[in-house]
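Have a look at the screen, and I'll walk you through a few spots.

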Amino acid sequence: MLTGKRIVVTGGTGSLGTVLVRRLLSGKVGTPERVVVFSRDEAKQHAMRLAYEHVSAATDELIYHNYEKLLQFRIGDVRDYAAVGSVLREADLVFNAAALKQVPTCEYFPFEAVQTNILGAENIVRAVREHAFPVETVVGISTDKAAKPVNVMGMSKAIQERIFVSANLDCPSTRFVCARYGNVLASRGSVIPLFHAQIRRGGPVTITTAEMTRFLITLEQSVDTILTAVVEGKPGETYIPRVPAARIAEVAEVLIGDRSVETLVTGVRPGEKTHEILVSEEEGHRTTERGEYYVIHPMLPELQLDAELTGALEREYSSADDVMTKGELGELLRRHSLTLETELAVNEDLLV
């Protein structure tokens, strides 16, 4: 489906961005004409370039032939309208993965979150609209925190979703869709790498509250959700993966296993929910099922053109609804090499 497409991934050096780029270059979804990683982190771009060239050190030849390659790198920030306009002028498909996403950071510096998560999205829409760029599709990558938001990160992402949805009216030649998902297993700043580090140090493993639950999704599943939105999504729709949930305290128990490591309850942090919500009660009335996904139809009546709008959910879709057993959780973590034992085995295989 992506053969011959010119693709831009904003925030392409982040946890999701790097996995998305790898999938785009794998050939599994076609061979793009070009994949451009657009981000402001020079060091991460350089490391990513070296990794894809399978070299340990750069040469002038490697760096100065950037624009001749399928994978290209552009330094820039979604906050900068001119930079966004420059990178989008020849794009067919845009994945907006750029985000300020750490909850405490957004609480202490709320306007920084506004500039990246809200104004960055508006810059993409404005560039497409004002320059009449021939962009076919823009995918806004969102978070569970946008549903019934209680923190700045979620509030800014909720507004980002609405900016992209309404853009379908201002830019009728471009399709804007969104993908929303929850806690990504083993992504930077997530709980599993933290638990691993605490267990290696001998504890304690810190949990906020015994009742806390989270949806668990792998980076690959999150990419699946995003690409499904590209293939199937209609203007203004938001794709939600139907994934399992777990109690975070039980995640800690499974990772600790038989080790003599204590747990310490620290309490719910400011701006943190006890349970994740991927679809709010209000959104449930305009949500339908498509295969492995829930699809939220847009609120704007001009975009509600689908006869299938029947309301698949009568209440919010919460991580408290369907929690895995400890046995199911352990199998999930082993299958994705996320226990300490499976992680060590994978690393040993790589060394061999």
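**Around Thr213**

Let's start with Thr213, which you'll find in strand 8 (residues 213-215); helices (H or I, at least four residues) and strands (E, at least two) are DSSP runs, numbered from the N terminus. Before I go on: this is a predicted model, where local features need pLDDT of at least 70 and side-chain atom pairs count only at pLDDT 80 or more, while totals for chains, interfaces and linings use all residues. Residues are numbered from 1 along each chain as its sequence is written, and side-chain values use heavy atoms, leaving out hydrogens and water.

So, Thr213: buried or exposed? Buried, with a relative accessible area of 2%. Buried here means under 20% relative accessible area, exposed means over 50%, and partly exposed is in between, using a 1.4 Å probe and protein chains only.

Who does Thr213 touch? Leaving out neighbours within four places in sequence, Thr213 contacts Ala246, Arg247, Thr274, His275, Glu276, Ser319, Ala320 and Val323, and contact means heavy atoms within 4.5 Å. Thr213 and Gly233 are 20 residues apart in sequence, and C-alpha to C-alpha they are 29 Å apart in space.

Glu276 was on that contact list, so let's go there. Glu276 sits in the loop between strand 11 (263-265) and strand 12 (277-279). At 2% relative accessibility, Glu276 is a buried residue. Again setting aside neighbours within four places in sequence, the contacts of Glu276 include Asp144, Asn183, Arg214, Phe215 and Tyr317.

**Rings**

Two of those names come back here: Phe215, Tyr294 and Tyr317 are linked into a cluster by ring pairs. How many aromatic pairs does the structure hold? Four. Rings of Phe, Tyr and Trp (its six-membered ring) pair if their centres lie within 6.5 Å; planes under 30 degrees apart count as stacked, over 60 as edge-to-face, and the rest as tilted. The pair of Tyr294 and Tyr317 is edge-to-face, at 5.1 Å centre to centre with 75° between the planes. Tyr294 is in strand 14 (residues 293-296) and Tyr317 in strand 15 (residues 317-318), so this pair ties together parts 23 residues apart in sequence. Tyr294 and Tyr317 are both buried.

Tyr294 also has a charge on its face: Arg242 lies over it, at 5.0 Å from the ring centre. The rule is that NZ of Lys or CZ of Arg is within 6 Å of the ring centre and within 35 degrees of the ring normal. Elsewhere, the charged end of Arg126 sits over the ring of Tyr81, 3.6 Å from the centre.

**Helix 6**

Next, helix 6 (residues 110-131). Its 22 residues reach 30 Å from first C-alpha to last, close to the 32 Å expected at 1.5 Å a residue; that expected span is 1.5 Å times one less than the number of residues. Where does helix 6 bend? At Leu119, by about 35°, taking the angle between axes fitted to the seven residues ending there and the seven starting there.

Among the buried residues of helix 6 are Ala113, Gln115, Asn117, Gly120 and Val128. What do the buried residues pack against? The partners include helix 4 (81-88), helix 5 (103-108), strand 5 (137-143) and helix 7 (152-170). Just after helix 6, Ala132 takes a positive phi of about 50°.

Most residues other than glycine have a negative phi, and most peptide bonds are trans. Lys148 is not a glycine, yet has a positive phi of about 50°. Lys148 sits in the loop between strand 5 and helix 7 and is partly exposed, at 44% relative accessibility. Ser337 has a positive phi too, near 55°; it is in the loop between helix 12 (326-335) and helix 13 (340-351). The peptide bond from Gly203 to Pro204 is cis, with omega near 0°, and Pro204 is in the loop between helix 8 (191-200) and strand 7 (205-207).

Cys171 is buried at 6% relative accessible area, and Cys178 is buried at 1%.
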